[in-house]
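Welcome, and please open the model in your viewer. We will take it step by step.

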Amino acid sequence: MKVLFVCLGNICRSPTAEGVFRRALERAGMSNQVEVDSCGVGNWHVGKAPDQRAQQAAKLRGIDLSGLRARQLSERDFTDFDYVLGMDQDNLRAMRELKPANSSAHTGLFLDFAGTPGVEVPDPYYGGEEGFENVLNMIEAASNGLIQHLQRER
Ligand code: 4NP
């Protein structure tokens, strides 16, 4: 099973989702059954490490994002991954434009798995530190929900 998280820049929300979800998989003993990656709809930050504020907020919860590097979403991702999960409606629109007709990947909002369908993970890039805490809280809830979903699927 392969899960890809998508946001705009791949330096704030989706790398946070990758780190948090990876830890949730470890805690559930599912690390060797599920592969995780993240990417951005845009290409401005390709090759860069996550935003310092995202790294710091994750570090306070024991999650190290420093080794991640941004990349851009590609058409191939829709055949490589089983779940392609966007953070907001703009991400979802860009994803659906790129998704080939023959792809059977599930594409949707990540927070649908938190039991809050239609809710977006707000872009924290232009805000303060508290935006990153909010993002982490939302992502932790959705990660646990996605783990439960994958366990039911098996
Ligand atoms: P992300 O946040 O999509 O959560 O990685 C952003 C990062 C950079 C920009 C926008 C959002 N930007 O405009 O450069």
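Predicted model: local features only at pLDDT ≥ 70, side-chain atom pairs only at ≥ 80, totals over all residues.

Residues count from 1 along each chain as its sequence is written, and side-chain values use heavy atoms, without hydrogens and water.

Start by selecting residues 1-149, which an unreviewed UniProt entry annotates as "domain: Phosphotyrosine protein phosphatase I" (such annotations may be inferred rather than shown by experiment). The end C-alpha atoms of this stretch are 12 Å apart.

Next, select the ligand. Which residues surround the ligand? With a heavy atom within 4 Å of it, they are Cys7, Leu8, Gly9, Asn10, Ile11, Cys12, Arg13, His45, Asp123, Tyr125 and Tyr126.

Now zoom in on polar contacts (N or O pairs within 3.5 Å). Show the backbone of Asn10: one of its polar atoms is 3.2 Å from a ligand oxygen. Then show the side chains of Asp123 and Tyr126; a polar atom of Asp123 lies 3.4 Å from a ligand oxygen, and Tyr126 also places one at 3.4 Å.

Methods:
Helix = DSSP H or I, 4+ residues; strand = E, 2+ residues; numbered from the N terminus. Polar contact = N/O pair within 3.5 Å; in protein donor to acceptor, adjacent residues only side chain to side chain.
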